[in-house]
Each structure stands twice: as C-alpha cells, then as structure tokens.
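These are my notebook entries on a structure that is new to me. I set down what I looked up, in the order in which I looked.

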Protein chains: 2
Amino acid sequence: MPSTIPDIVISRLPIYLRALDRLAQEGHEVTSSHELGKRLGISSAQIRKDLSHFGGFGKQGTGYKIAFLSGQLRQVLKVDREWEVALVGAGDLGSAVARYRGFTDRGFRITHVFDAAPEKIGKRIGEFVIEPISSLKKVVQENNIKIAMIAVPAEEAQNVADALIEAGVRAILNYAPINLKTPEGVHVQYIDPVIHMQRMTYYLP
Amino acid sequence: MPSTIPDIVISRLPIYLRALDRLAQEGHEVTSSHELGKRLGISSAQIRKDLSHFGGFGKQGTGYKIAFLSGQLRQVLKVDREWEVALVGAGDLGSAVARYRGFTDRGFRITHVFDAAPEKIGKRIGEFVIEPISSLKKVVQENNIKIAMIAVPAEEAQNVADALIEAGVRAILNYAPINLKTPEGVHVQYIDPVIHMQRMTYYLP
C-alpha cells in the first residue's frame with residue numbers, strides 16, 4: 001500500500017464502506033463501480049480510480065465482492081478494530097450522541113461521557129454515568145483514548161479541545177459551530193448540518 | 001453557467017464557502033487556491049478546477065476576492081436567500097438542533113418543530129412551540145416548505161419522510177441512522193458521525 005493516499009480519496013472511503021454495508025444488508029454479495037456510483041452520485045471511473053490506490057479489489061467486468069471489499073476498506077481505515085471514544089458534553093446534543101445507535105460495528109464505542117455542570121455529575125445517560133470534566137485528562141490518559149467528540153457550547157469548545165489534546169487525543173469530532181485551533185498531528189472533523197443542506201439547495205427549483 | 005455541474009463539485013462548494021466565511025471572520029479580504037487548499041486538505045489545482053466551472057472567479061496569481069467569491073458561491077448554491085426548514089422530532093437531538101446557532105446567515109431558518117408525543121405538543125424549545133405531527137402536512141403545504149430535518153428514532157424516520165415528501169418537501173437532512181427510500185427528485189443527506197470519525201482513524205498511529 002502506498003504511504004500517501006490523497007486526503008480526498010481517504011475522505012470518500014467511509015462513504016463507499018457505508019454503501020457496501022447497506023448493499024450487504026439488502027442481501028447483495030457482489031457489486032460494481034457502476035452500481036456504487038449510481039447510489040452515491042460519483043462517477044464509476046472515480047470509484048475505480050479511488051479503489052485502485054489499494055490494488056487488487058476487483059476486476060473490470062466481474063465486479064467487487066462486497067464482503068471482501070468492505071473488509072479491506074475497514075483495514076485501510078483502521079476500523080477493523082474498536083476505538084474507545086470520549087464524549088464531552090451531556091446536554092441535549094451530548095445525550096443524543098451518547099444514545100446514538102449508529103456506532104455499532106463501525107469501529108467506535110463511547111466509553112466515557114464528561115460534563116462541566118456539577119448537577120449532572122453522577123447522573124446516567126443510558127448506560128453511561130456522567131463524569132466531571134475535572135477528571136477528563138486523567139481518564140483519557142489512563143485509558144489511552146485517542147478519539148473524542150465535543151458536544152459543548154461554542155464558547156467552551158476550544159478549552160475542551162485543548163484539554164483533550166493535552167491528554168493525548170489525536171482525533172476530534174466537533175459538533176460545536178466553531179473552528180478549532182489545533183496543533184499539527186491532531187485531526188478535526190466537523191458535524192455541520194448546514195454543509196449538508198447547502199448540498200441540496202442547488203438542486204431545488 | 002452550465003446546466004450540469006458534477007455532483008462531486010457541488011458537494012465541495014459548501015466546504016469552500018465555509019472556509020471563505022472563516023477567512024473573512026479572521027479579517028482576510030483576499031485568498032488563493034493555495035491557501036484554501038492548505039486549510040481544506042484539497043489540492044489547489046482541484047480547487048481552481050472546481051471554481052472554473054462557474055467562470056471568472058479569480059485570476060491565477062492575483063487570488064480570489066473573498067467577499068465576491070463567497071457571494072457567487074451563495075448564489076450558485078441558492079443560499080443567497082433564507083429557506084424555511086421544518087424540523088421533525090423534539091427529543092434530545094431535535095431540541096439540540098432547534099437550539100443550534102450555526103444556521104444564521106447561512107441560508108436556513110427553522111420555522112416549525114413537530115413531534116408525535118402528545119405530552120410534548122404545545123411545550124417550548126427555545127423560540128419554538130412544538131406542533132403535533134398530525135398537522136405536519138397542512139403546515140408544510142401552507143408554508144410551501146421544501147426542506148426538512150428528521151430527528152426521530154430510526155424506526156419512525158421512513159414514515160416521517162413519506163409524510164414530508166407527500167406534503168411537498170424536496171430536500172431532507174436525516175439524523176436517524178437509517179437509509180431512507182425516496183422517489184426521484186427528492187434529495188437526502190445524512191448526518192452520520194461515523195463517516196467523519198472514519199475519515200480520521202486512517203491517520204492515527
């Protein structure tokens with residue numbers, strides 16, 4: 001496998017993986033770049049080119065074996081394992097994230113939920129007991145947690161990010177509507193509903 | 001403007017728009033495909049090519065005027081106006097979405113919040129009074145609402161989508177972790193935190 005796959009290609013692989021999982025759920029065993037492309041609105045040529053970075057996934061004309069390809073993608077994306085995730089923020093949004101059922105079998109498991117509000121500490125959200133943000137660094141370090149989700153108000157998000165990074169977190173999913181400043185080597189993704197809505201309005205009459 | 005811009009290009013324009021807005025907030029007036037590319041992890045050649053679909057946005061060497069380019073992108077994406085949005089689901093997640101402050105000045109305004117639970121009807125979330133899902137069709141039709149967000153449990157999401165589409169909605173942002181079946185001409189985007197996390201694990205040691 002080459003050491004540098006373009007970021008833009010990496011960013012599409014989870015989309016392919018989700019489409020493959022859905023095809024498998026629908027009972028398919030084999031698919032094609034054409035079928036994937038039709039589902040995803042991406043050209044089949046682009047899909048073949050993206051997948052060719054990893055080599056040997058399929059042959060033109062015979063299609064892709066879904067189970068094999070999704071296994072390969074999981075390995076490339078390092079989600080053939082289960083990452084522990086720390087969630088910071090136990091308000092409306094954090095509670096919803098803690099209860100979200102879409103993480104299962106996709107490489108992630110929330111193991112700790114933190115909040116700053118004294119009245120929330122020790123309360124439960126589903127299976128979690130809310131922990132004080134004062135113990136964030138210790139817990140993240142001791143459990144060697146590398147991934148966190150931030151679901152706190154915008155004005156607290158940078159401080160939370162700083163604490164997470166100091167404790168060793170290297171990947172942050174940020175739900176707060178602000179841009180985080182982070183050092184080299186820390187990855188940030190944003191959940192931004194507006195981006196998704198702006199991707200649809202173009203097509204509306 | 002050509003009538004068919006590739007979907008993949010359209011999907012990147014909101015990302016460019018957000019980056020431009022952030023540059024403007026930071027006090028910049030001019031930017032370059034190189035600077036945008038560095039911020040976004042996309043090649044500057046790709047950015048120039050994407051923006052060339054619309055013509056006349058910038059000249060090599062002189063950079064892009066941020067205010068002009070963002071204005072043009074807003075027009076292309078049809079977010080130079082404010083779309084009314086219906087939100088269905090007033091649980092943890094729906095409440096968080098209703099209170100989200102990231103919509104302002106980006107083309108969208110939630111105007112109605114619906115829920116199926118009788119005990120929630122008439123209660124307030126921020127500025128909204130929760131309306132019964134039984135009045136969804138009437139309200140959506142009367143207000144000519146074309147965009148909706150679904151924040152209900154997975155097992156209710158398809159029924160809600162069907163009702164929205166019957167009432168005239170043509171773009172749906174779905175927070176529920178299921179794939180919606182929708183007719184031709186209805187656009188769906190998914191908020192899926194796992195996709196974003198899988199985009200980061202590749203880079204973790």
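This is a predicted model: local features need pLDDT of at least 70, side-chain atom pairs count only at pLDDT 80 or more; totals for chains, interfaces and linings use all residues.

Residues are numbered from 1 along each chain as its sequence is written, while chains are lettered from A and ligands numbered from 1 in the order in which they are written.

**Entry 1: chain A by itself.** I found 8 helices and 10 strands in chain A, where helices (H or I, at least four residues) and strands (E, at least two) are DSSP runs numbered from the N terminus. The C-alpha atoms of chain A fill a box of roughly 60 × 45 × 35 Å along the principal axes. Chain A is divided into domain 1 (7-74) and domain 2 (83-193), with bounds that come from an automatic or database domain assignment, and the C-alpha centres of these two domains lie 31 Å apart. Of its 205 residues, 41% count as buried; a residue is buried if 20 or more other C-beta atoms lie within 10 Å of its own, exposed if 12 or fewer, and partly exposed in between, with C-beta atoms placed from the backbone.

**Entry 2: the sheet.** I looked up the strand order in chain A and read an open sheet of 6 strands, E7-E4-E3-E8-E9-E10, with parallel pairing; two strands pair if DSSP finds at least two bridges between them. Strand E7 (131-132) and E10 of chain A are the edge strands, each pairing on one side only. E4(A) and E7(A) pair in the parallel sense over 2 bridges, and Phe114(A) has Glu131(A) as its bridge partner in E7(A).

**Entry 3: how the copies are related.** A rotation of 180 degrees with 0.0 Å of shift along its axis superposes chain A on chain B, with an RMSD of 0.0 Å, by least squares on the C-alpha atoms of residues with pLDDT of at least 70 in both copies. This is the relation of a two-fold axis, and in chain A the C-alpha nearest that axis belongs to Asp92(A), at 2.3 Å.

**Entry 4: the contact.** I counted as in contact two residues whose C-beta atoms, placed from the backbone, lie within 7 Å. Chain A and chain B each bring 52 residues to the contact. On the side of chain A that touches chain B, helix H1 (7-25), helix H5 (92-99), strand E9 (171-174), strand E10 (187-190) and helix H8 (193-201) each supply at least two residues. By class, that side of chain A has 29 nonpolar, 11 polar and 12 charged residues; Ala, Val, Leu, Ile, Met, Phe, Trp, Tyr, Cys and Pro count as nonpolar, Asp, Glu, Lys and Arg as charged, and the others, Gly among them, as polar.

**Entry 5: helix H8 of chain B.** Is this helix of chain B buried or exposed? I found that 8 of the 9 residues of H8(B) are buried, so the helix is largely enclosed by the rest of the structure. Among the buried residues are Pro193(B), His196(B) and Arg199(B). The buried residues of H8(B) pack against H1, E3, E4, E8, E9 and E10 of chain A, and H8(B) lies across E3, E4, E8, E9 and E10 of chain A, running at about 155 degrees to E9(A).

Technical notes:
Axes are lines fitted to C-alpha atoms, for helices over the stretch in contact, and angles run from 0 to 180 degrees between N-to-C directions.
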